Each structure stands twice: as C-alpha cells, then as structure tokens.
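Dear colleague,

Please find below the structure that I am handing over to you. My notes on it follow directly after.

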Amino acid sequence: MEKNRLLVAGGDVRMLYAAEKLSDIYDVEIIGFDKDKLSSYGNEISESFKRFGSTGAKADVLLLPPVFNKKEFADVCAAMERIKDGGTVLLGVGGEQIEKEAESKGLRHYNYMKDEVLALANAVPTAEVALKTAMEETGRTIWGSRVLVTGFGRIGEILTDRLVKLGADVTAAARKEYDRMKIKAMGVKPSGIMPDRNLLSETDIIFNTVPAEIFGAEEIMSLGESCIFIDLASKPGGIKKEAFSYMKCKYVWATGLPAYEMCFHKKIMDKNHEKIGEMTISCENATKREKILQQKFKKKCAIWLDFLFRIC
C-alpha cells in the first residue's frame, strides 16, 4: 500500500530524528537543513529519503519546528505550496502567521506544542539540560548554590523541583498568588516575579523562564560578577536590550533547549569566550562533547517523537 507523504521543513536535530523514525510509516523528504546540521546528526540521512518532490507529487503533511522563526516565513510559505489540498500543517510555538496562511490555502493546522502532554514531557529534558548547562558554566555543584528561578510554568516548576532535590538554596519567582503558595508548599522560598536587589546580589545562578523583558538595568547591576544568568525563555528573553551594557556576570542564551545544538552552542557574554558570529563554544573539547550529547539527545527525542506518532 502506498504510504502518505511527509515533508519535514527545517529545525534542529529533533526534526531529523522525527524524519528518520517517521519514515517507517511515511515517504519522507527533508528540506531546509544545511550540510553542517546534517553531518552533525551522524549520518547522511537525506540520502535515505525519497525525493517525492522531484516527481511532482505533493505531501500530505508538513512538519515544522517546535519554535517558529519569523525570518523563515517566506520559506515556510514556499513549503506549504508543496502540500496537497486539504493537507495538514503541524507547527509549534509562535506560528500564528502560519496558521492564517494555512487556512487561506485550505490546509488544516495543528499546534502540537499546545498539547499539555507534549509540553509537560518536553519540560523534563529542558530542565535537565538547563541543570547540566549550569554545572558546566559555573564549575561547581548545584548543591549549596543560591538559585533563583523566574517563572513557575511547566519548566520553572520541574526545574525548581530538581534543584531542591539536588540541595540548592532555591527562590522561585511567580506573578500569581496561587503559584507562590504552591512554591511555598514545596518548601521553596517564594517571591514576586522580581525579587529585591539584596537577593539578586547574593544569587549564584539565575534561570529565567519568562518570555518577557523583566530584568532592567537596575536588576542587572545588582548581580554579582560570579553569578551566571541562564535564559531559557523564548524571544525576546528576560533582559531588556539596554540592560545588557550593565551586565557584569556571564549570560547564557539557552532558548530552544533541549535541542541538541543548544546544548553546546550558546550565546555567552563573557570575556573568556571567543565569539563566533552570534554563537560561542564554551569549552575547548566541544567536539568530543558534541558527539556524547548527540547520542544522549537522540534518546531524549523519543518523548517528543511518541507524540508525533499519535498525531500524524
């Protein structure tokens, strides 16, 4: 029996993993991946997929990345032209423009990142990789560290739980009174969304999960030089642009976790790291780490993939 066709358009290693596994039930084609990203996956997977587009056949399903980049809108629109009438577009966060475009083309759309099961499952590896990033960048244990978690959504809650179990001295900041009571019930110190300056000055690690610019110049100036600020939030991140000039501590732009590429490619504002365009590699043995992380991350992808199997 002829398989349905799936077009996978861009993204990180999760998309390549999904393409590889979904090829058991679909004729799969991938587009929008550069050679470096394909080679980093470990094999030339593009050669194993049928290029059904070359035959003029259209796909039944278009699979887009978990986070939509507005700069890629034109490319996504071009990809949608390759979907048959009545086909389906699977998309993630920030894809409102894509949903409208899909409707105008008579395509169905589904935002898989709004599914509570997937979102919660995705928060677990995100929190784990965030902890790993903190330990690598600080060179110290989580145990005994004074940690601030801003935002108490899925990621913030799971991250707070893991930090407490690792022996950190945790303060969790939340806007809602209900969330602050929940934080207190966990045995964690609650705070409004922005703690006072004294607490900020004594903090060793900040994990921000709030996708809003809540840290201004005064808050950033309060941070000590030994502090590390790990921004897990989607754009625009948690720091106001004008506040970056006052940054004395290390800043890790880690949006997109748990994507493999963000495990070892980070935007870090620190004099000891060499900039490479907008990204830096934070240690000399990055190549070795990349291979190890690649193997581990493929296992993490299974959670995400299980959900895709259910909706495809």
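This is a predicted model: local features need pLDDT of at least 70, side-chain atom pairs count only at pLDDT 80 or more; totals for chains, interfaces and linings use all residues.

Residues are numbered from 1 along each chain as its sequence is written, and side-chain values use heavy atoms, with hydrogens and water left out.

The protein has eleven helices and 14 strands, taken as DSSP runs numbered from the N terminus (helices H or I, at least four residues; strands E, at least two). Of its 312 residues, 49% count as buried, where buried means under 20% relative accessible area with a 1.4 Å probe and protein chains only. Among contacts with a separation of 6 or more, 55% are between residues 24 or more positions apart; contact means heavy atoms within 4.5 Å.

Helix α1 (residues 13–22) is largely enclosed by the rest of the structure, because eight of its ten residues are buried. These are V13, R14, M15, L16, Y17, A18, A19 and L22.

Helices α5 (residues 116–138) and α6 (residues 154–165) pack with their axes 8 Å apart and at an angle of about 45 degrees; axes are lines fitted to C-alpha atoms over the stretch in contact, and angles run from 0 to 180 degrees between N-to-C directions. The two helices are therefore oblique to each other (angles under 35 degrees are roughly parallel, over 145 roughly antiparallel, 65 to 115 roughly perpendicular and the rest oblique). On the α5 side, the contact includes A119, L120 and A123, and on the α6 side I155, I158 and L159.

Three aromatic pairs are counted, meaning rings of Phe, Tyr and Trp (its six-membered ring) with centres within 6.5 Å; planes under 30 degrees apart are stacked, over 60 edge-to-face and the rest tilted. F215 and F229 are edge-to-face, because their ring centres are 5.0 Å apart and their planes stand at 85 degrees. F215 lies in the loop between β9 (205–208) and α9 (217–222) and F229 in strand β10 (residues 228–231), so this pair ties together parts 14 residues apart in sequence. Both F215 and F229 are buried. F229 also forms a tilted pair with Y251, at 5.7 Å centre to centre and 40 degrees between the planes. F215, F229, F244 and Y251 form one aromatic cluster.

With kind regards

Notes: Buried means under 20% relative accessible area, exposed over 50%, partly exposed in between (1.4 Å probe, protein chains only).
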